[in-house]
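Visitor: I would like a tour of this protein chain and its pockets. Where do we start?

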Amino acid sequence: MLVTNHVLAGAVLGAGPLAERPVQAFATGVVSHFVLDQVPHWGDQRRGVFLVTAVCDGLAGLAAIALVARASRRQRPAVLLSALAGMAGGAFPDLDKPSDLFFGRSPFPARIDAFHARIQRESTRRMPQEVLVAAGLSAVVALLLRGARKS
Ligand SMILES: [Zn+2]
């Protein structure tokens, strides 16, 4: 699954049910990553396709973080913190990808990496689904941040 969607799912958690609870938002974000990776999603093992997509996805994920942070600026600071924590937790398990690319190894124990690889349900035909999920999660985040204004 695209890391952008993991980031957006973490934002939903941190701006919604776990607003103002950053530790729980981060932890639940990590759990959400492994749950979402079990949902059938896009994936392509061809190295060139994977790398180009990963770079674009990484930039989109960073843009999503910046947009959520900007949209949170009228919230209480604790909501911004929990939204950021949820996004960090959602993306955290995928740190193995850039780490492997730049440093030649994953930062996680081999058992975790094996589990992470085993749960993937990928197909090269599911990119439209990824885009729809991103749009849906973005809309939910926008509604949550609009609904929970500073009081
Ligand atoms: Zn993953």
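Guide: The protein chain exposes about 8,600 Å², an accessible area from the Shrake-Rupley method with a 1.4 Å probe. Carbon and sulfur atoms supply 68% of it. This is a predicted model: local features need pLDDT of at least 70, side-chain atom pairs count only at pLDDT 80 or more, and totals for chains, interfaces and linings use all residues. Residues are numbered from 1 along each chain as its sequence is written, and side-chain values use heavy atoms, with hydrogens and water left out.

Visitor: What percentage of the 151 residues in the protein chain is buried?

Guide: Buried means under 20% relative accessible area, with a 1.4 Å probe and protein chains only. Of the 151 residues, the buried share is 38%.

Visitor: In what order do the elements of the protein chain run from the N terminus?

Guide: Helices (H or I, at least four residues) and strands (E, at least two) are DSSP runs, numbered from the N terminus. The chain has 7 helices and 2 strands. Their order is α-α-β-α-α-α-α-β-α.

Visitor: Which element gives the largest share of the lining of the largest pocket?

Guide: A pocket is an open set of points on a 1 Å grid over the protein atoms alone, where a 1.4 Å probe fits, with protein on both sides within 12 Å along at least five of seven lines. Lining residues have an atom within 4 Å of a point. Here 38 residues line the largest pocket, and Phe 50, Ala 54, Asp 94, Lys 97 and Pro 98 lie nearest its centre. The largest share, 11 residues, comes from H3.

Visitor: How many charged residues are in the lining of the second largest pocket?

Guide: Ala, Val, Leu, Ile, Met, Phe, Trp, Tyr, Cys and Pro count as nonpolar, Asp, Glu, Lys and Arg as charged, and the others, Gly among them, as polar. Thr 4, Leu 8 and Ser 138 are among the residues of this lining. It divides into 10 nonpolar and 2 polar residues. The charged count is none.

Visitor: Which element supplies 6 residues to the lining of the second largest pocket?

Guide: Ala 60, Ala 63 and Leu 67 are among its lining residues. H1, H3 and helix H7 (127–147) each give two or more. The largest share, 6 residues, comes from H3.

Notes:
Buried means under 20% relative accessible area, exposed over 50%, partly exposed in between (1.4 Å probe, protein chains only).
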